[in-house]
Amino acid sequence: MNSTLLYRADPRHAELGDDFLDVVEAATFPRLELRYRNDRWAELVGLGALDGDGWLRHFGRFEPLPGNFERPFALRYHGHQFQTYNPHLGDGRGFLFAQLRDAVDDRLLDLGTKGSGQTPWSRGGDGRLTLKGGVREVLVTGMLEALGVYTSKSFSLIETGEELIREDEPSPTRSSVLVRLSHSHIRFGSFQRQAYLSRADNVQKLVDYSVAHYFPELLELGADERCAAILRSVVTRSAELAASWMAAGFVHGVLNTDNLNITGESFDYGPYRFLPTLDPGLTAAYFDSTGLYAYGRQPQVVKWNLDRLAEALLTICAREPLLEALESYEPSFSRALCDCTLLRLGLRTPWSEDGPGDKDVQFVSSVYNFMHASQLGFEQFFFDWYGGLASEDRAARSPDADKYKTFEFEEIKDEFGRYQTGEPDALSSTYFDRDRACTLLIDEIESIWSDIADDDDW
């Protein structure tokens, strides 16, 4: 490996001990063909100098990175799946491969996998990932990062030469192994497992580990204070995550407690959708027959999952401080939705440390009400009015300009005057020479995949 000075291995997760993980082996694949490499993030973690063969050795055959874990770990956790508790979960087709430091802000980051083979938690599955599933994850993480959502990063995608049988895809279908760059593998379900097993000592161990590596600002607190303090931090970060999904028009699809983590980072994309138009009832998973995880229900589902995390923390913490921490969710979400919406509109937030006022909340609400009533393209609205009044002439030339000629929108346009354009130079980008916004709707994803499946056109 041609290492750079930026690469800093920091393997920490094994500190938690055998109650939290299982040592596993990676699958041996018949063929390795690189399909995607995230060069920008590879540079940020000191792996940009890896040549093609080195990349395949580390992220296809999973030879250990220097100074990192000698063997990977499948992590143990439980979770509520569609709000029904499941004590038989864990990493069934992935593992934690390495941990390292972000060269920019010194965060502890994880390199984890999807489709790397069977583990003790595979529950009869083959531990593999379809190539289509890998392509879909590369697309969604790129789009979400561009839209301001705090998301895991698709780091590497390698086609592996196996033929997989899947009920929901034409089979046999091509296979792949994905490597993700993530900020923490500590899920809500990690705490739930230890509480379910009546291991208060391990719940405390998770809290202390999380404070040390993800919430160092809480290190000065005593043991009695840390538990509620960490929940308060997780509540804030989770509220911000939910708000960013809503502002991005994104439907995660499977918001189980094992698919939320303590750092507030979005991850684990199976079924997902971006909204064509604002539709609170849009679901992403064909098996979500009740609409539990529909777009409009995501904020309350995240809160429900936080309640389950608080229940796990009850094994070591008093009830009242936890309830107080949970009560901060609604105001945190309201503020974050205002922040995220104005960010998407390229407008500068005018409020103080006290947060948005009633007029700001009302403005954001009126924006989404207009989008819902007009059924304007979700992404198109933010494209047409990026920069607020600075884009008035450009919006007048939009293919959807007629939808802005209403009394309801005139009131919104008047409110634009309360805000400053956040980045005026951004409007000179060639992106805004287009008529239509860039989108990632389901038909577009299927079209991209068809070119690959039919003609191997990458």
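Leaving aside neighbours within four places in sequence, with which residues is Leu275 in contact? With contact meaning heavy atoms within 4.5 Å, the partners of Leu275 are Gly249, Val251, Leu282, Tyr295, Phe378 and Leu441.

## Basis of the model

This is a predicted model, in which local features need pLDDT of at least 70 and side-chain atom pairs count only at pLDDT 80 or more, while totals for chains, interfaces and linings use all residues. Residues are numbered from 1 along each chain as its sequence is written, and side-chain values use heavy atoms, with hydrogens and water left out.

## The chain as a whole

The protein chain holds 14 helices and 14 strands, where helices (H or I, at least four residues) and strands (E, at least two) are DSSP runs numbered from the N terminus. The radius of gyration is 23 Å, close to the 23 Å that the globule rule gives for 458 residues, so the chain is as compact as a globular protein of that length; this radius is taken over C-alpha atoms, and the rule is 2.2 Å times the number of residues to the power 0.38. Along the principal axes, the C-alpha atoms fill a box of roughly 65 × 60 × 50 Å.

Of the 458 residues, 55% are buried, a term that means under 20% relative accessible area, whereas exposed means over 50% and partly exposed lies in between (1.4 Å probe, protein chains only). Among contacts between residues at least 6 apart in sequence, 71% join residues at least 24 apart.

## Surroundings of Leu275

Leu275 sits in the loop between strand E12 (273–274) and helix H7 (298–313), and its relative accessibility of 5% makes it count as buried. Leu275 and Phe378, one of its contact partners, are 103 residues apart in sequence, yet their C-alpha atoms are 6.4 Å apart in space.

## Salt bridges

Side chains of opposite charge can pair when their charged atoms come close. A salt bridge is here a side-chain nitrogen of Lys or Arg within 4 Å of a carboxyl oxygen of Asp or Glu, and by this rule the count comes to 40.

One of these pairs is Arg71 with Glu25, whose closest N and O atoms are 2.5 Å apart. Arg71 lies in the loop between helix H2 (52–59) and strand E3 (73–75), and Glu25 in the loop between strand E1 (21–23) and strand E2 (33–37), so the pair ties together parts that are 46 residues apart in sequence. Arg71 is partly exposed at 43% relative accessible area, whereas Glu25, at 51%, counts as exposed. Within helix H13 (residues 407–416), Lys413 and Glu410 lie three residues apart, about one turn of the helix, and their side chains meet in a salt bridge at 3.6 Å, N to O. Lys413 is buried at 18%, while Glu410 is partly exposed at 34%. Salt bridges also link Arg31, Glu33, Arg35, Glu159, Arg174 and Asp456 in a network.

## A buried lysine without a salt bridge

Lys153, found in strand E9 (residues 153–164), is buried yet has no salt bridge, and the nearest side chain of opposite charge, Glu145, is 4.6 Å away; for charge, Lys and Arg count as positive and Asp and Glu as negative, with His and the chain ends not counted. A polar atom of the Lys153 side chain lies 2.7 Å from the backbone oxygen of Thr151. Apart from neighbours within four places in sequence, Lys153 is in contact with Asn38, Trp41, Glu145, Val179, Arg180 and Leu181.

Definitions and conventions. A polar contact is a pair of N or O atoms within 3.5 Å; within protein, one must be able to donate a hydrogen and the other to accept it, and residues adjacent in sequence count only if both atoms are side-chain atoms.
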